[in-house]
Amino acid sequence: EKGYETGEHAPGLKLGGCGAYKAAHHIIKTHAKVWHSYNTTWRREQRGMVGISLTSGWGEPVDPHSQTDRDAAERYIQFHLGWFANPIYRGDYPEVMKNYVGKKSAQQGLGTSRLPTFSVQEKTYIKGTSDFLGIGHFTTRYVLQKSFPFLQVSSYNTDPDLAELVDPNWPAPGPKWLYSVPWGFRRLLNFIKTQYGNPLIYVTENGMSETVQCPQLCDEWRIQYLKGYINEILKALNDGVNVKGYTAWSLLDKFEWNKGFSERFGLYHIDFKNKNKPRYPKASVDYYKKIISANGFPNPREVMS
């Protein structure tokens with residue numbers, strides 16, 4: 001979406017309303033081809049696994065008693081996670097995506113939907129092409145219905161007819177988009193379990209960045225974030241979700257998309273101004289080491305069930 005719709009990321013194309021959908025369509029078909037290639041050529045000998053890693057926030061209805069808000073929250077997840085996961089686990093794009101993009105395309109006078117379609121053969125070829133699901137997850141949004149006039153320039157962001165809100169009480173020590181909302185992770189993991197037949201899950205990205213440098217390396221907020229989110233994964237395990245592994249994002253401060261070195265996700269601080277790029281452990285390193293050593297929380301009383 002940022003590479004082919006808004007042009008914010010490389011390759012910087014601004015193909016409003018159709019670029020993101022076309023790019024995703026090719027990604028999904030290419031992923032399936034790689035999976036089949038491995039499956040037929042290497043699996044028997046190597047016994048490896050091929051999966052896909054998808055990043056998604058969680059969408060919570062503003063009013064859980066409102067069917068309109070619940071539907072909007074469902075669209076939020078389907079337009080993010082379902083966009084890629086649904087074809088791989090269920091054989092096609094989510095129905096709500098097909099309906100909304102198709103409806104908007106017709107209103108614009110287009111002969112076909114801006115969301116490409118898979119042939120019957122492609123659906124069969126794509127379905128089941130993941131031995132595990134990698135999940136990147138960082139934050140949550142409250143979601144409600146918001147209609148956009150169809151005369152407006154079409155875009156992936158306006159197609160689902162929803163608005164996103166945040167609770168001002170949610171901690172947000174880093175960038176403006178990353179609020180710490182641990183309970184959203186458990187709900188996302190349970191959604192995956194229900195929607196996609198409880199697949200094997202590896203958490204491939206989960207972490208908090210800071211936009212201001214902390215010279216004392218005292219990233220207490222990252223410790224609280226890790227504690228909260230890992231605790232919710234443990235709750236999801238108790239719910240029967242098939243989570244096999246967890247990876248904190250990230251080991252080192254690094255080059256972060258179009259934010260460059262200004263946004264720091266690392267457990268280790270990097271001095272980028274020094275040509276040798278020395279590395280210094282932040283407080284979160286010691287905390288995370290203890291979790292790894294204990295394969296759980298060192299003191300179970302510090303978290304709540």
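Modeller: Cys-218 counts as partly exposed because its relative accessibility is 39%, and the label covers what falls between buried (under 20% relative accessible area) and exposed (over 50%), using a 1.4 Å probe and protein chains only. Cys-18 is partly exposed too, at 24%. Searching the whole structure turns up 0 disulfides, a disulfide being a pair of cysteine sulfur atoms within 2.5 Å.

Keep in mind that this is a predicted model: local features need pLDDT of at least 70, side-chain atom pairs count only at pLDDT 80 or more, and totals for chains, interfaces and linings use all residues. Residues are numbered from 1 along each chain as its sequence is written, and side-chain values use heavy atoms, leaving out hydrogens and water.

Now the sheet. It's open, with 3 strands in the order β2-β4-β5 and mixed pairing; strands (E, at least two residues) and helices (H or I, at least four) are DSSP runs numbered from the N terminus, and pairing takes at least two DSSP bridges. At the edges sit β2 (58-61) and β5 (162-165), each pairing on one side only. From one strand to the next, the twist averages 40 degrees. β2 pairs with β4 (residues 140-145) in the parallel sense over 4 bridges, and Glu-60 stands opposite Tyr-142 in β4.

Helix α3 (residues 67-90) packs on the sheet, touching β2, β4 and β5, and its direction makes about 125 degrees with that of β4. Contact here means heavy atoms within 4.5 Å; angles run from 0 to 180 degrees between N-to-C directions, with axes fitted to C-alpha atoms, for helices over the stretch in contact. Helix α6 (residues 183-195) lies across β2 and β4, at about 100 degrees to β2.
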